[in-house]
Number of protein chains: 2
Amino acid sequence: MKKPTKRLETSHVVVESVEPTVDGGRFPAKAVSGEPVVVSADVFSHGHESVRAHVRWRVCGGRLWRTIAMRPVGNDRFSAPIVAEEPGRVELEVLGEVDRLGNWRHDATRRVEVGLFDPEDPRTASALLAEASHLLAFAELQRESGIVGALAVQAAEAGDLAALAKLLDACTEVEELLRAVPPVAREAVSPRYEVLVSRPVAAFSSWYECFPRSTSTTANRHGTLKDLVGRLDYIGDMGFDVLYLPPMHPIGTTARKGRNNSTVAGPGDVGSPWAIGSPAGGHTAVAPGLGALEDFDHLVSAARARHIEIALDLAFQCSPDHPWVTEHPDWFEHRADGSIACAENPPKRYEDIYPIDFDTPDRDALYATLLGVVEHWIGHGVRIFRVDNPHTKPFVFWEWLLAAVRRDHPDVVFLSEAFTRPKVMHRLAKLGFDQSYTYFTWRDSKRELTEYFEELAHGPGSAYLRPNVWPNTPDILARSLQRGGRPSFVARLVLAAGLSANYGIYGPAFELLLDEPAQPGTDGDYLDSEKFEVRLWNLADPRSIADVVSQVNAARRAHRSLQRNASLQFHSIDNEQLICWSKRDDESGDTVLCVVNLDPRWTQSGFVDLDLAALGLPPKAPFNVEDLLDGASYRWAGSRNFVALDPSRSPAHLFVVEPIPEKSPEVPRERRTRPREPRATVSRRSP
Amino acid sequence: MKKPTKRLETSHVVVESVEPTVDGGRFPAKAVSGEPVVVSADVFSHGHESVRAHVRWRVCGGRLWRTIAMRPVGNDRFSAPIVAEEPGRVELEVLGEVDRLGNWRHDATRRVEVGLFDPEDPRTASALLAEASHLLAFAELQRESGIVGALAVQAAEAGDLAALAKLLDACTEVEELLRAVPPVAREAVSPRYEVLVSRPVAAFSSWYECFPRSTSTTANRHGTLKDLVGRLDYIGDMGFDVLYLPPMHPIGTTARKGRNNSTVAGPGDVGSPWAIGSPAGGHTAVAPGLGALEDFDHLVSAARARHIEIALDLAFQCSPDHPWVTEHPDWFEHRADGSIACAENPPKRYEDIYPIDFDTPDRDALYATLLGVVEHWIGHGVRIFRVDNPHTKPFVFWEWLLAAVRRDHPDVVFLSEAFTRPKVMHRLAKLGFDQSYTYFTWRDSKRELTEYFEELAHGPGSAYLRPNVWPNTPDILARSLQRGGRPSFVARLVLAAGLSANYGIYGPAFELLLDEPAQPGTDGDYLDSEKFEVRLWNLADPRSIADVVSQVNAARRAHRSLQRNASLQFHSIDNEQLICWSKRDDESGDTVLCVVNLDPRWTQSGFVDLDLAALGLPPKAPFNVEDLLDGASYRWAGSRNFVALDPSRSPAHLFVVEPIPEKSPEVPRERRTRPREPRATVSRRSP
């Protein structure tokens, strides 16, 4: 006969399926400081024993463990919210234990009901109440346990059903008190899981990207960081809270690119900011043409005064003139002839850029230096980094770097600029990037947009990948912007800003409706791209849609529903050119409903079939929708309502949904408030 | 500046999301011996490097590791089938590595295409081919590598594009050969995962439960195991392959139950077989009234000769007269007065049964003894156990017991009889039970059945929980059987046997249409239940549906599509009383289509809207459906077809679907073959 193994566990309780977790705990889930994370788990025992469950958690490395009772939510599942007030890593475990007092009360109640109370039973009141009073003593709740204990003894000794009934009532109260008492024994404990807690800006941010060297207001003068300070009001007035700068370091001259990506630079050509490094310095220096390090410090504080954060580009690559090329030649890949290989992605070739060899035998020094670059800029007040092409560097590097930075600076936020295959993008997000660029730039049709944002908002990746969506970037003048002028730009703006809590535009090219590609019919570079030359922008151009950008960003600031993605809900609408969705903040009830006409040329109309539950509305009641773009307000009712959008006026509705209180007297059937300008757009109830 | 940690990994490759796995590897996935298990995983590197992936696996404890190349299936996913020929545990891991030769060829091809071939490049042919030839040497494929290596040197030295083109062609061939070569280095390795491989009977089985003591053919005589041998032909002719016996051990006399669960037994009352143990013995003994251990051995071999396996009941509980009660009083829970507590689930009380205290301080001895019970019956030829109420015993016990049994007897199959909450049932399946009872007995309506079987066939539990569905058991005379006579029994039979690859009936109560409950209007015990008395059955009763049972089981044996659940597909049909589904075996193309009328009283008709792809049929072509229950055959076409079922004739179609070969000459429009009896049922094409 075999003997049971020594290590056999004794607990009756199982803890399973803890959420939120990523890949079974291999990676942290994501959360935002000051905001509840609902931890849930299946906790149960065999048979009919009921159980109690607690979450035990602490800030990683901290000494204070907190323990919170979880509430049953049905089907053996328990949940409880935890809130980390500061950014950092949190670790948690779920504890399960048999609810001895609850089981006894349940059992005793049934016995009383069916006349089976048996004072001789080993599960009798006094025995179990002794156990309860042990638990209660632990929680310094002796007063209550004293009452119950006395009743228990009385009931047990007398076999008295009336006394027992009193006891059961008392038990109910004690159980309520017990909920707050942490478990005494660690009967069943889940593995430990981590949550990466970031600042709120990781979840809700409006980015503006611009080239500092193009901020001069005078023709033929290279812009400076001081010029950029002068532009902060313009950017702040549009409502952006993150200003992202392409690399502002010295640019190499060897193999410098000319205008329009020419391989031969003319004498006045400024080169690509991504060709980092010259005798003037590398990744920790400011390009002399832009100013000095003090100018950057001034920019950071001037921006902060306007509630704008500066985000820097981490582009870990070098021009042939970068100091590292001579100081650390072994950090680069060498040809047979001893020269260093340039970056290429055939047929493209980047002669002005040397990729770093992350597999160098001198890896420890390389890694430490790159960490030093990040810490240098952190020292100058930067807390947001946009990482250039992280998917061309090893995963292990990023996992190490992000953890190393966050050890001392848990408030640093990283955006992954990886336009690549889905699994690679997801892996980078799992490794700790706070935000990720997406395929939005290439998703145009209603079906593409619906499928993609369903996946982003509700797919398995939503636990760790926060999308940051861009209608354009310096590398991508999307085809959707090349065909339709202002209506296309406004439509893509409302799609980006309304579908995703994080979004950005590359300006002033965006708000000035720049739409001429370097190669017609492609999604790539702009003609006369700022990547290769200094541009002078006329911000006062009457065609500018900066006012619409302001309205959209103001709506995002005012409406909590637009600041998260989990509530995203698409609504059916019987026209392939019209797309409709809503977002709702359950706590405040704030609800926004958007409709966008994807056709930049023609008025499109149709009936929307609203999912009223997603809007927090009762089945047939009337409600008001007010367009935050033009201030017009309409009275709708029920799920079916008519919408028409003339792109020459406005291709989008950005409605706030306002339920009408049940007893509100005499609301006019159609009410218009503060129309900003006459609009042909018709939005009325279904006939 | 910080130093990178020493343990930093160097691999570029990631292996993620290995399937099949259960709870991230905490439990084994399930498979069947001789049948492929498709192992898949995401394997990728950063950047554009392509990768190779292999599954490495062995029988747990075995010495021979096998390594199989995985094929890319898109989106960075790779898969490969592995086949374990024998029951047991298999462990596996997925290996990923950079595909150096493939990357070089891809890169070189692009360079040749765009005129960028550079013999000075460090990634030149000779360097990479040297690496390839190392891989090839490992695989003793030197001949091929020799060819490629020579070309490589030639191309590299000459910078000759024509030579390089030849080399690239040769590379393609070598890569094909390389697929079979296991990886040299363990660049990236997944965690190890286990698969529990069971005999095919775990996945496909038809169970018949009957009480041996009711197998006498003479009134007032207690049936014996010898009588049961005489009934094997009857059971075998119905097509069952598992004969499950309720406990056949000595029954206690203390507090013995009388007929219809009376608490007072009369002098002739035989008691419940689940009240195990008397002075004649306990769990390893045969009840004297049924015969001797030799009779059991004879039963096992007589059944085996008819391709029937005997399944025994493991009911780990004792009558007050069980030898363990006196030998090991500490294995039971004691009252304050020293007496042992009986089982109860208020208001029910089982005075004839003592539950075992699995938390006894003498646990090691108890566990070893219970394992000894299983091994005793294994020694007598039993390889299938139906476990009574596993959910009232600790999970840790089952995990230990199943593993302990399988260490020496990997061919043993366990069925979990846990009618309890979903999470508990799933946990037991994860712990290693091969099959699980289900809620089928209480699922009557089309919606309930559809939702439930969708979950069973395609839900997350399908990786580890194999349903075994029963229209009735000795404990459950389902309400669905109490209302509709023969049509209800046939409908529930076809539902069970057609929806689930594992099913069973409790007979002869089932085939003799027994439908009188102990308490009218409830789902519980039968009136005059065999659990408490000996019954004499008239198997020749003309109302018996044993012939239909035979037809259904014959269909299950003949059609591989009915022997697994993964292909289950419901088809829409515009009548709430008609339910339609199909199953298909992709390898053989065998396809079965079932339609059941859930209304036992009235003819129901409607149009079925078939998912033709699930049936392996082209969009609009005609096809034949032949009813395996009555032999009638109809010509259908396209997705929309008419069905009518008169329950007084047959409440179900069990069609085999036969595509008509494209060039088959002159198939008659409506063809009837071998009709067994005239039927009013109309099945014709949609007009």
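**The interface of domains 2 and 3**

Domain 2 of chain A and domain 3 of chain A bury about 1,900 Å² between them, 68% of it on carbon and sulfur atoms. Buried area here is the accessible area (1.4 Å probe) that two parts lose on being put together, summed over both. This is a predicted model, where local features need pLDDT of at least 70, side-chain atom pairs count only at pLDDT 80 or more, and totals for chains, interfaces and linings use all residues. Residues are numbered from 1 along each chain as its sequence is written, chains are lettered from A and ligands numbered from 1 in the order in which they are written, and side-chain values use heavy atoms, with hydrogens and water left out.

Chain A splits into domain 1 (13-197), domain 2 (200-248 + 286-316 + 362-558) and domain 3 (566-659). These bounds come from an automatic or database domain assignment. The C-alpha centres of domains 2 and 3 of chain A lie 29 Å apart. Their contact (heavy atoms within 4.5 Å) takes 24 residues from domain 2 and 21 residues from domain 3.

Now the polar terms. Between domains 2 and 3 of chain A there are zero salt bridges, defined as a side-chain nitrogen of Lys or Arg within 4 Å of a carboxyl oxygen of Asp or Glu. Eight residue pairs, both at pLDDT 80 or more, are in polar contact across this interface. A polar contact is a pair of N or O atoms within 3.5 Å; within protein, one must be able to donate a hydrogen and the other to accept it, and residues adjacent in sequence count only if both atoms are side-chain atoms.

On the domain 2 side, Lys446(A), Val494(A) and Leu499(A) lose the most area to domain 3 of chain A, together 30% of what that side buries.
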